[in-house]
Amino acid sequence: MTGDDILPGFCRDCFRPVTGRVDRCRSCGSPRLVRHAEIEALSLAHIDCDAFYASVEKRDNPELADKPVIVGGGKRGVVSTCCYIARIRGVRSAMPMFKALEACPDAVVIKPDMEKYARFGREVRALMEELTPLVQPISIDEAFLDLRGTELIHHHEPPARLLARFARRVEDEVGVTVSVGLSYCKFLAKVASDMRKPRGFSVIGQAEALAFLAPKPVSLIWGVGRAFAEKLAQDGIREIGQLQQMDEAVLMKRYGTMGQRLFNLSRGIDVRSVHSDGEAKSVSAETTFFDDISDFDELAAHLRALSEKVSRRLKRSNLAGQTVVLKLKTQDFKSRTRNFSLDSPTQLADRIFRTGLALLEKEAGTAKFRLIGIGVTSLGATTLADPQDLIDQQAARRAKAEAAVDKLRDKFGTRSVETGYTFRPTDSRTR
């Protein structure tokens, strides 16, 4: 971000252009000015509702406006989200409820109402879609927007001012606030939206990307969780600027496919495009047997092959899924669907397979099956999880081995390398 007060910009409250060395809008007196050298050229945005669940509860009950609000509890006994008043007191998402109440004993605790939050989320989404058809939801309360070319349908108003008007409209019509990040790529748009919450509007341009990122901790990079950040620290890498000085080949040799991500994102290189909600909501693969199968090992072999197929599709589409779904069809054509939600999204065949295998263990031996399938839902970009959140060393080694296998298969074909599960003769043919 730049603090130069003579750069082009506008007022976020009256939307009029701002010029000259001023701290407040000459038209309305608002201090909420946004300025940036590239503000007229940038068009990729990340929008994030501020403390969404808590904001909805405060909207519905104005008496909560100045009180610390925690949404959570239930079976898990953890904080789903909390308002900014509670955050100032030390409360954080996913914190055990007893610790949250120790930090903020006067907090108002409200049980989550997901149906209500989804309804308000759809209202915000509808307003996004009035700006551009290229809206890619990441969750119930955040999304990426690509506003390239929208000036033609919005009276030649540039994306930055459209986004400011959108933020005001959400606040007025829906009753919650949003923070906006504007940049030239997804990674930095997301970073920008987190910079000045709540009611933030931050801009990161292409010309400043390297200098902006250099002093930041490596944990700012999408996908670098605590475990992977600790690994990088053990290798003497703590700041993004250190990654900027390293060759891609060196990073990939050390960290596999994650090394390529470190190389690109540390330099502000992110070529992923915004996909609308019309894209696939799940990725799956299934196979039907000529002869019904009840043997667990034989079913597991098919499950492994299908998991690898799903993983390849996810990786090619740069997607990850958080819910693994096992599908079975018995010999009498009755369907069984079992699912498990992971702590974080995945695109790894090994993780998909092992999750599916645990679901299969509960079904094996109860019937003969004529079909098996595996898939993932709750799709999003690969911004979390694999392989950085794999805490145990065995899982990390398997992820590294899978990356090596992927390289060999890309070069020599998908059948060039097989696992112990898939490299075995089976009596059953599939169609």
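The legends below describe close-up views of a predicted model of one protein chain.

**Figure 1. Overview of the predicted protein chain.** The protein chain contains 14 helices and 15 strands. Of its 431 residues, 50% are buried. Among contacts between residues at least 6 apart in sequence, 64% link residues at least 24 apart.

**Figure 2. Helix H1 around Ser55.** Ser55 belongs to helix H1, which covers residues 52-60. The relative accessible area of Ser55 is 16%, and the residue is therefore classed as buried. A polar atom of the Ser55 side chain lies 2.6 Å from the backbone oxygen of Asp50. When residues up to four places away in sequence are set aside, Ser55 touches Asp50 and Val176.

**Figure 3. The loop at Ala94.** Ala94 sits in the loop between helix H2 (84-88) and helix H3 (97-103). The phi angle of Ala94 is near 70 degrees, a positive value in a residue other than glycine. Most residues other than glycine have a negative phi. Ala94 has a relative accessibility of 56% and so counts as exposed.

**Figure 4. Strand E10 around Val180.** Strand E10 spans residues 178-183 and includes Val180. Because its relative accessibility is 1%, Val180 counts as buried. Not counting residues up to four places away in sequence, Val180 touches His46, Ile47, Leu163, Ala192, Ser193, Gly200, Phe201 and Ser202. Ala167 is 13 residues from Val180 in sequence, and the C-alpha atoms of the two residues are 7.8 Å apart in space.

**Figure 5. The cis peptide bond at Pro198.** Lys197 and Pro198 are joined by a cis peptide bond, with omega about -10 degrees. Most peptide bonds are trans. Pro198 is found in the loop between helix H6 (186-193) and strand E11 (201-203).

**Figure 6. The crossing of helices H10 and H11.** Two packed helices are described by the angle between their axes and the distance between the axes. Helix H10 comprises residues 248-255 and helix H11 residues 257-266; their axes come within 6 Å and cross at roughly 140 degrees. The crossing of H10 and H11 is right-handed. On the H10 side, the residues in contact are Glu248, Leu251, Met252 and Tyr255. Their partners in H11 are Thr257, Met258, Gly259, Gln260, Leu262 and Phe263. Sorted by class, the contact of H10 with H11 comprises six nonpolar, three polar and one charged residues.

**Figure 7. Helix H12 and its two ends.** Helix H12 has 22 residues, 296-317. From the first C-alpha of H12 to the last the distance is 31 Å, close to the 32 Å expected at 1.5 Å a residue. At the start of H12, a side-chain oxygen of Asp295 comes to within 3.3 Å of the backbone nitrogen of Asp297. Just after H12, Asn318 has a positive phi of about 55 degrees.

**Figure 8. The loop at Phe333.** Phe333 lies in the loop between strand E13 (319-330) and strand E14. Although Phe333 is not a glycine, its phi is positive, at about 70 degrees. The relative accessible area of Phe333 is 55%, so this residue is exposed.

**Figure 9. Thr346 in strand E14.** Strand E14 runs over residues 335-346 and contains Thr346. With a relative accessible area of 0%, Thr346 is buried. The Thr346 side chain reaches the backbone nitrogen of Leu348 at a distance of 3.1 Å.

**Figure 10. Helix H13 and its buried residues.** Helix H13 consists of 13 residues, 349-361. The end C-alpha atoms of H13 are 18 Å apart, which agrees with the 18 Å that 13 residues should span at 1.5 Å a residue. H13 is mostly covered, with 10 of its 13 residues buried. The buried residues of H13 are Ala349, Asp350, Arg351, Ile352, Phe353, Thr355, Gly356, Leu357, Leu359 and Leu360.

Definitions and conventions: Residues are numbered from 1 along each chain as its sequence is written. This is a predicted model: local features need pLDDT of at least 70, side-chain atom pairs count only at pLDDT 80 or more; totals for chains, interfaces and linings use all residues. Side-chain values use heavy atoms; hydrogens and water are left out. Axes are lines fitted to C-alpha atoms, for helices over the stretch in contact, and angles run from 0 to 180 degrees between N-to-C directions. Helices (H or I, at least four residues) and strands (E, at least two) are DSSP runs, numbered from the N terminus. A crossing is left-handed if the near helix is turned anticlockwise from the far one by less than a right angle, and right-handed if clockwise. Contact means heavy atoms within 4.5 Å. Ala, Val, Leu, Ile, Met, Phe, Trp, Tyr, Cys and Pro count as nonpolar, Asp, Glu, Lys and Arg as charged, and the others, Gly among them, as polar. Buried means under 20% relative accessible area, exposed over 50%, partly exposed in between (1.4 Å probe, protein chains only). The expected span of a helix is 1.5 Å times one less than its number of residues. A polar contact is a pair of N or O atoms within 3.5 Å; within protein, one must be able to donate a hydrogen and the other to accept it, and residues adjacent in sequence count only if both atoms are side-chain atoms.
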